[in-house]
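Welcome! Take a look at it first, and then we can go through it topic by topic.

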Amino acid sequence: MFKILEYLKKNTDREHPVRQSDMRNDPEISEYLGDKETYTRRSMRIHGLYYNRTFSYEEINSLIEGVLASKTLDTRSANALIKKIEENLTTKFYKKGPKQIFKIQEPQLADRELLRENLLVIQKAIEHHVCVCFYFNGYTYQKKLEHVRKEKYEIDPSGRIRPDYNFLHDWFGDNFRYIRTEKEAPYDDIVHVECSPFGMVNWAFQYSDRVEVLAPESVRERVIEKIRNLKEMYGDVHDK
C-alpha cells in the first residue's frame, strides 16, 4: 500500500486521476497490484483514483516565492529547500517556474538560530496577548552590537498600539500605577495617578490626544466644563 500511495503522490492530482488498468500497465507500480483475476474475484474496481493533495500548486508557488524572497537563506540553502518542496509536495504535472537564484555577495545578515528564537518569543506573545520588551541595538565601528538607548522598548506584537509612558514618567516619576488594558478597541491602558485636581485637569489638556480622565467624576466634569468654555471662546473650528 505504501508503494501505491507514493505512486499516486507523484503521478496523480485532481485534474489527472488514474485508472486501475493504467496502473496495471505501468511497470513502476504493476507488480504491487496483483493480477487482474485477483481484482475480478474480489469485485474491486478503481476508477478516477488520485491523491488528494494538501497544498494546491498556487500555494506551492507562494511557498517557493517566500523562499526566494528570504533574506536569511543563502543560495545553497534556498535551492535545497525549493528542491525538497518540489520533490515532496508536487507531481510530474507541476510546472516549475524560474527559480535559480544567486547573490554576488551573501553576508550573514542575521543569526538564523537567534532569529528563530526571537520569532518564537513573538509568536508566544501574540498567543498569550502579552507585550514584548527589547533593546534596540546598533553597530559600532568595531562591528559590535550595543544598545542605542538604555531604556527598553515595549511593543504589542498582536497589532495593538501601546502607549508611550515617557510623558507619564516625566510628570509623575514612578508614582503611577498600571491597572489593566481594555479588551476592546482602541485597547487603551487604564492608569492610576495621584495629583491635585487643578494639576490633573491641566495635565489632561496638555496631553488631550493621549489622555481621557475617567475618575473621579468631579475632575472629569471640570475637564468637560473647560472644553465647553473653549468651544464658546473659539466657536466651531473648520478647516480653511
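Which helix do the buried residues of α1 pack against? They pack against α2, which spans residues 20-25. Please keep in mind that this is a predicted model. The protein chain has nine helices and six strands, and 21% of its 240 residues count as buried.

**The chain as a whole**

- The accessible surface of the protein chain comes to about 19300 Å², and carbon and sulfur atoms account for 53% of that area.
- Take the contacts between residues at least 6 apart in sequence: 47% of them join residues that are at least 24 apart.

- Helix α1 covers residues 2-11, and its buried residues are Ile4, Tyr7, Leu8 and Asn11.
- Seen down the axis of α1, these buried residues fall within an arc of 95°, so they line one face of the helix.
- Along the chain, Leu5 and Tyr50 are 45 residues apart, and their C-alpha atoms are separated by 9.4 Å.

**Salt bridges**

- How many salt bridges does a search of the whole structure find? The search finds two.
- One of them lies within helix α1: the side chains of Lys9 and Glu6 meet at 3.9 Å, N to O, and these residues are three apart, about one turn of the helix.
- Lys9 is partly exposed because its relative accessibility is 24%, which lies between the 20% and 50% cut-offs.
- Glu6 is partly exposed too, with a relative accessible area of 26%.
- In another salt bridge, the side chains of Glu212 and Arg220 meet at 3.1 Å, N to O.
- Here Glu212 counts as exposed, at 53% relative accessibility, whereas Arg220 is partly exposed, at 25%.

**Nonpolar cores**

- The largest nonpolar core has 12 residues, including Phe167, Leu168, Phe172, Met200, Trp203 and Val223.
- Which helices each supply at least two residues of this core? They are α7 (166-172), α8 (197-206) and α9 (217-234).
- The largest share of this core comes from α8, with four residues.
- Apart from this core lies another one, of eight residues, among them Ile60, Val67, Ala78 and Ile82.
- Back in the largest core, Phe167 is one of the members; leaving aside neighbours within four places in sequence, Phe167 is in contact with Trp203, Tyr207, Arg210 and Val211.

- Which residues make a nonpolar surface patch of about 340 Å²? The patch is made by Phe134, Phe136, Val148 and Ile155.
- Phe134 lies in strand β1, which runs over residues 132-134.
- Is Phe134 buried, exposed or partly exposed? Phe134 counts as partly exposed, at 30% relative accessibility.

Definitions and conventions
Residues numbered from 1 in each chain as written. Predicted model: local features only at pLDDT ≥ 70, side-chain atom pairs only at ≥ 80, totals over all residues. Heavy atoms only, no water. Buried < 20%, exposed > 50% of the residue type's maximum accessible area, 1.4 Å probe, protein only. Contact = heavy atoms within 4.5 Å. Areas by Shrake-Rupley, 256 points an atom, 1.4 Å probe, with all protein chains shown as cover. Patch = residues over 30% accessible without salt bridge, like charges linked within 9 Å, V, L, I, M, F, W, Y side chains within 5 Å. Salt bridge = Lys/Arg side-chain N within 4 Å of Asp/Glu carboxyl O. Core = buried A, V, L, I, M, F, W, Y, C linked by side-chain atoms within 4.5 Å. Arc of directions from axis to C-beta.
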